[in-house]
Amino acid sequence: MAGEWIATVGNSDQLKTIINGPFLKGHREPRVAMVGRSNVGKSSLINSMLGARLAQVSAEPGKTRLIHFYHWKDSSKIIVDLPGYGYARASQADRNKWAQLIQAYLKADENLQAALLLVDARNGPSQLDREAFDFLQSGGVGVQIVFNKTDGLKTQKERAERRRDAGSILEEMGVDPAEAIWVSSRTGDRMNELVNRIRSFGPGEEGA
Ligand SMILES: Nc1nc2c(ncn2[C@@H]2O[C@H](COP(=O)(O)OP(=O)(O)O)[C@@H](O)[C@H]2O)c(=O)[nH]1
Ligand SMILES: [Mg+2]
């Protein structure tokens, strides 16, 4: 199997020990984190990349506040599935909790190569995606933008329009649109491009 589950953490106090101590079961591979709105397809993308059904995919945007670590053997990386943001009815307190846990994670992890910011290809980047982008960047993390669910763009015209609209938002964010990757974890479209990009991340190297 190309990947396996290593650990799940829900408590920011435990993070440092788990990441840098023995609890990550001795794994020292560099980390790549998955960030994005709840339901954007983080778990599906992890399963697609690792070629195994490890991360739980759900039709309902979850309220879980857990961080899952997976060993991606083929690429010698640890994939970190961070809790999603932006589910319906999230209170300000929930949002603060999300930010606190992510912040605790960023602070605790000394070997995070980059974050993949997953965005819905059909309508993103949203305002919340932009806030998450700024939040990660201000934490010194390189961010690779990944548009998921491209299978939802049915016609050539729709695809071209979305690329143009998303491209101008990316430019406003200071991201080169050519560096963004457009995939479908459902059909597997362009997953190779994404995998190669992740493999090219080096220590301290920034994503797009
Ligand atoms: N059409 C389409 N649906 C997807 C894709 N990736 C994930 N989904 C669906 O989106 C929903 C949420 O997926 P999940 O991986 O649990 O999202 P997460 O909350 O970000 O981890 C599920 O119903 C998935 O089947 C995709 O590439 N295309
Ligand atoms: Mg998930």
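Start by selecting Pro125, which sits in the loop between strand S5 (112-120) and helix H4 (127-138). Helices (H or I, at least four residues) and strands (E, at least two) are DSSP runs, numbered from the N terminus. A quick word before moving on: this is a predicted model, where local features need pLDDT of at least 70 and side-chain atom pairs count only at pLDDT 80 or more, while totals for chains, interfaces and linings use all residues. Residues are numbered from 1 along each chain as its sequence is written, chains are lettered from A and ligands numbered from 1 in the order in which they are written, and side-chain values use heavy atoms, with hydrogens and water left out.

Now show the backbone between Gly124 and Pro125: the peptide bond there is cis, with omega at about -5°.

Next, pick Asn39, in the loop between strand S2 (31-36) and H2. Its phi is near 85°, a positive value in a residue other than glycine.

Select everything around ligand 1 (a heavy atom within 4 Å of it) and you'll get 16 residues, with Asn39, Lys42, Ser44, Asp151 and Ser185 the closest. Color them by class and you'll see two nonpolar, nine polar and five charged residues. Here Ala, Val, Leu, Ile, Met, Phe, Trp, Tyr, Cys and Pro count as nonpolar, Asp, Glu, Lys and Arg as charged, and the others, Gly among them, as polar. Helix H2 (residues 42-50) gives the largest share of this shell, three residues.

Zoom in on the polar contacts (N or O pairs within 3.5 Å):

- Lys42: a polar side-chain atom is 2.8 Å from an oxygen of ligand 1.
- Ser185: a polar side-chain atom is 2.9 Å from a nitrogen of ligand 1.
- Arg186: a side-chain N or O atom is 3.0 Å from an oxygen of ligand 1.

On its own, ligand 1 has 580 Å² of accessible area (Shrake-Rupley, 1.4 Å probe), and the protein covers 85% of that.

Last stop, the helices. Highlight H1 (residues 12-20) and H3 (residues 92-108): they pack at about 30°, axes 9 Å apart. Axes are lines fitted to C-alpha atoms over the stretch in contact, and angles run from 0 to 180 degrees between N-to-C directions. So H1 is roughly parallel to H3, a label for angles under 35 degrees.

Terms used. Polar contact = N/O pair within 3.5 Å; in protein donor to acceptor, adjacent residues only side chain to side chain. Parallel < 35°, antiparallel > 145°, perpendicular 65-115°, else oblique.
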